Amino acid sequence: MKNDKMKDQYRVNEQIHVREVRIAGENGSEVVPTRKALDMAREQGVDLVEISPNAQPPVCRLIDYSKFLYQQKKRQKEMKQKQIKVEVKEIRFGPQTDEHDYQFKLKHAQEFLEEGNKVRAYVFFRGRSILFKEQGEVLLLRFANDLEEYGKVESMPALEGKKMFLYLAPKKTGVIKKSQQKRDREAELAASKEAVKQEKASHAANNGLLANAKGGEALKKLAEDSEE
């Protein structure tokens, strides 16, 4: 079905009914009667493909149409793969969220933003807790402030029914950064390597001192022997 849609985007050979066309090639372009362009395509064993139908006259190319469609599909696929899929991650709070829970969710939101995702944080007011909506707004503003380095506010806290929403977008979209856990693991590995390096250096230094001490004793003994 997709292939059929792509085929319908271009007029080919006898489907081109204009009087004349501009043939575009590597060495420039020339305007020729459409009939002559069709003869040129047949002589070269290729197709006359209309590339820019709105130009005056329409621009065509002498190419292998099947190969052209394949290349177009391949290019579209590559462009699609390069596009970054941005997801919206939700962070939920209560109006009286404790500090430990807040820090836990703050860390997750930071990772979401670092990975290029958007964050939708909201405070859910259950029953009479709607009386604490100002407290919920303060919490969301603090949340946005704590994430200032990683995300920018798309919309300020706004109450919608029983929920107050805050939307954050990553500051550097499309750059996939390492997660906090991965950075922690790399930091631990680097510290471990440094500790091993220092231990080896210390061991080598001790061996050197020992060798110098033994050498000194040998020289001392040699001097005593020669005096005798």
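Two strands are taken to pair if DSSP finds at least two bridges between them. Helices (H or I, at least four residues) and strands (E, at least two) are DSSP runs, numbered from the N terminus. The structure is a predicted model, in which local features need pLDDT of at least 70 and side-chain atom pairs count only at pLDDT 80 or more, while totals for chains, interfaces and linings use all residues. Residues are numbered from 1 along each chain as its sequence is written, and side-chain values use heavy atoms, with hydrogens and water left out.

Strand 6 (residues 118-124) and strand 8 (residues 163-170) run antiparallel and are joined by 6 bridges. Tyr122 has Phe165 of strand 8 as its bridge partner. An open sheet is formed by 4 strands in the order 5-6-8-7, with mixed pairing. Strand 5 (88-93) and strand 7 (151-160) are the edge strands, each pairing on one side only. On average, neighbouring strands of this sheet are turned by 15° against each other, direction ignored; axes are lines fitted to C-alpha atoms, for helices over the stretch in contact, and angles run from 0 to 180 degrees between N-to-C directions.

Helix 4 (residues 99-114) lies across strand 5, strand 6, strand 7 and strand 8, and runs at about 170° to strand 5. Helix 5 (residues 133-146) also packs on the sheet, where it touches strand 5, strand 6, strand 7 and strand 8; contact means heavy atoms within 4.5 Å. The direction of helix 5 makes about 10° with that of strand 8.

The axes of helix 4 and helix 5 are 11 Å apart, and the two helices pack at an angle of about 45°. The contact involves Glu99, Tyr102, Gln103, Lys105, Leu106 and Ala109 of helix 4, together with Leu139, Arg142, Phe143 and Asp146 of helix 5.

Elsewhere, strand 1 and strand 2 run antiparallel and are joined by 6 bridges. A hairpin of 2 residues connects strand 1 to strand 2, and Val21 has Val32 of strand 2 as its bridge partner.

In helix 2 (residues 34-44), the buried residues are Thr34, Ala37, Leu38, Met40 and Ala41, where buried means under 20% relative accessible area (1.4 Å probe, protein chains only). Seen down the axis of helix 2, these residues fall within an arc of 160°, so they line one face of the helix; the arc is that of the directions from the helix axis to the C-beta atoms. Their cover includes strand 1 (20-25), strand 2 (28-33), strand 3 (47-52) and strand 4 (59-63). Gly45, which follows helix 2, has a positive phi, near 70°.

How values were computed:
Buried means under 20% relative accessible area, exposed over 50%, partly exposed in between (1.4 Å probe, protein chains only).
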